[in-house]
Amino acid sequence: MDTATKREREKELVSQMIALYCRKNHGGKSLCPDCAALDAYARLRSDKCPFMETKTFCSNCRVHCYKPEMREKIRLVMRFSGPRMIFHHPIVAVRHVIETKKEKKRLEASK
């Protein structure tokens with residue numbers, strides 16, 4: 001998969017997780033201002049990631065480029081949304097699990 005496609009998939013997944021988190025915790029059909037800011041920040045970080053060619057998703061990255069306060073916010077979103085993604089976006093969730101396992105195998109093989 002090329003780098004541009006990986007970037008778009010990551011941004012899509014993170015945006016869906018933020019939207020799910022926002023809907024369930026803040027109500028409404030659209031993102032609240034805080035969640036919209038987090039989504040914009042996450043997209044910006046993904047666009048600037050120098051490691052995109054060698055990783056699957058930010059959650060698998062060994063280098064965390066988010067500001068500490070934003071890192072905590074995105075972790076909260078991922079802890080909440082991760083398990084729920086299987087019910088809301090099953091194809092995306094299964095693809096993420098498969099790609100994560102492939103990444104872990106690749107990392108173990110390179111050691």
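At what angle do the axes of helix H2 and helix H3 cross, and within what distance do they come? The axes of H2 (residues 33–48) and H3 (residues 68–88) cross at roughly 105 degrees and come within 11 Å, which makes H2 roughly perpendicular to H3 (65 to 115 degrees; under 35 counts as roughly parallel, over 145 as roughly antiparallel and the rest as oblique). Axes here are lines fitted to C-alpha atoms, for helices over the stretch in contact, with angles from 0 to 180 degrees between N-to-C directions, and helices are DSSP runs (H or I) of at least four residues, numbered from the N terminus.

This is a predicted model, in which local features need pLDDT of at least 70 and side-chain atom pairs count only at pLDDT 80 or more, whereas totals for chains, interfaces and linings use all residues. Residues are numbered from 1 along each chain as its sequence is written, and side-chain values use heavy atoms, with hydrogens and water left out.

On the H2 side, Ala37, Leu38 and Tyr41 meet Met70, Lys73, Ile74 and Val77 of H3, where contact means heavy atoms within 4.5 Å.

H3 also packs with helix H4 (residues 90–110), at an angle of about 125 degrees and with the axes 6 Å apart, so that H3 is oblique to H4. In this pair, Met85, Ile86, Phe87 and His88 of H3 meet Pro90, Val92, Ala93 and Val94 of H4.

As for confidence, pLDDT (the predictor's confidence in each residue, from 0 to 100) has a mean of 84 over the protein, with 89% of residues reaching 70 or more.

Methods:
Helices (H or I, at least four residues) and strands (E, at least two) are DSSP runs, numbered from the N terminus.
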